[in-house]
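Thanks for coming. I will take one structure today and walk through its strands, its helices and the surroundings of its ligand. Here it is.

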Amino acid sequence: MSAPEVRIALHEVSHAYRQGARRVQVLEGVTERFHAGEFAVLLGRSGSGKTTLLNLLGALEVPERGEIEMLGHRLSSADEASRAAFRRQHVGMVFQSYNLVPTLCAWENVALPLTLLGIPLAEAYPRALEELTRVALAELADRMPDQLSGGEQQRVAIARAIVHRPPILLADEPTGNLDLETALDVVARLVEVVRAHGITLLMATHSLEVAGHADRVLRLQGGRLVAAPPP
Ligand SMILES: Nc1ncnc2c1ncn2[C@@H]1O[C@H](COP(=O)(O)OP(=O)(O)OP(=O)(O)O)[C@@H](O)[C@H]1O
Ligand SMILES: [Mg+2]
């Protein structure tokens, strides 16, 4: 059997923020690999750097030191335009606060990653609807985000994050605002797509119940990523 494909590789990644005169060291020499088809959960106390790490992997920020390789591309040395292009094509992101475009209805939100990739609406619309059907929201396809509950908005956000089948999916506390039952339902739907398409899913969460569904659990502690025993 061949070794699983490495999708994300971090080499000695360090990152700090400046808060006035203070320097806050958030990540300190993080080295880790994530493979195709892997669902890894990121635990860690509030402020431990989970969002920072996901933002670095989503190429929203560049690490102060170290190297990040995504699908074999060295992201740290790429300029902003190529990082944005990489993200559009290869990365799906789900945020705790959903981040739906308030002026677009549910299906238009889901179709957005496709239209940004130049796919015509005639093709993007049915694909968006199919994705909304998967998260059991086809009937609400024409609703605006403010007419949807938190759980429904998060399911739209998940549909949007995976509609273009990115090889890498980053989810930052996607279930943080949901009750446990809805949270586990949302995670189950995510895991189904991830498994079906061999997507690499990295999810930050505070929920041990959610972590129970992962292949691997890691904890951010003192700026380092350490293997955590399964909950
Ligand atoms: N843009 C920024 N400027 C300055 N400091 C920041 C910035 N973003 C994050 N920090 C600091 O970096 C540290 C890590 O923050 P981060 O948001 O990554 O933590 P987290 O693990 O995601 O926490 P939570 O579980 O609360 O979401 C915190 O001390 C935070 O105050
Ligand atoms: Mg966070």
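L218 stands opposite A227 in β10. That pair belongs to the contact between strand β9, residues 216–221, and β10, which are antiparallel and share four bridges. Before I go on, note that this is a predicted model.

So where do these two strands sit? They are part of an open sheet of six strands, in the order β6-β7-β8-β3-β9-β10, and its pairing is mixed. At the edges are β6 (91–94) and β10 (224–227), each pairing on one side only. On average, neighbouring strands of this sheet are turned by 20° against each other, with direction ignored.

Now to β8, residues 200–204. On one side, strand β3 (residues 39–43) is joined to β8 by four bridges, and the two run parallel. Within that pairing, the bridge partner of F39 is L201. Strand β7, residues 168–172, is also parallel to β8, with five bridges between them. There D172 stands opposite A204.

Is β8 covered or open? Five of its five residues are buried.

Leaving aside neighbours within four places in sequence, L201 is in contact with F39, L169, A171, L190 and V194. The other residue is L170, which is in strand β7. Why do we call L170 buried? Because there are 27 other C-beta atoms within 10 Å, and the cut-off for buried is 20 or more.

α5 lies across β6 and β7, at about 170° to β6. α1 lies across β3, β7, β8 and β9, and its angle to β8 is about 150°. Six of the eight residues of α1 are buried, namely K50, T52, L53, L54, L56 and L57. Just after α1, A59 takes a positive phi of about 60°.

There is a second sheet. This one is open as well, with four strands in the order β2-β1-β4-β5 and antiparallel pairing. β2 and β5 (73–74) are at the edges with a single partner strand each, so one side of each has no neighbour in the sheet. α1 packs on this sheet too, touching β1, β2 and β4, and its direction makes about 125° with that of β1. Inside the sheet, β1 is joined to strand β4, residues 65–70, by five antiparallel bridges. One example is I8, whose bridge partner in β4 is M70.

Next, the ligand. Which residues are around ligand 1? They are Y17, Q19, V24, V26, G44, S46, G47, S48, G49, K50, T51 and T52. The elements giving two or more residues to this shell are β1 (6–19), β2 (22–35) and α1 (50–57). α1 gives the most, with three residues. Sorted by class, the shell has three nonpolar, eight polar and one charged residues.

Last, helix α3, residues 106–116. Eight of its 11 residues are buried, so the helix is largely enclosed by the rest of the structure. The buried ones are A106, W107, E108, N109, V110, A111, P113 and L114. They pack against α4 (121–134) and α5 (150–162). Just after α3, G118 takes a positive phi of about 90°.

One distance to finish. L170 and L112 are 58 residues apart in sequence, and their C-alpha atoms are 17 Å apart in space. I will stop there and take questions.

Notes. Residues numbered from 1 in each chain as written. Chains lettered and ligands numbered in written order. Predicted model: local features only at pLDDT ≥ 70, side-chain atom pairs only at ≥ 80, totals over all residues. Near = placed C-beta within 6 Å. Nonpolar A, V, L, I, M, F, W, Y, C, P; charged D, E, K, R; others polar. Buried ≥ 20, exposed ≤ 12 C-beta atoms within 10 Å, placed from the backbone. Contact = placed C-beta atoms within 7 Å. Pairing = 2+ DSSP bridges. Axes fitted to C-alpha atoms, helices over the stretch in contact; angles between N-to-C directions.
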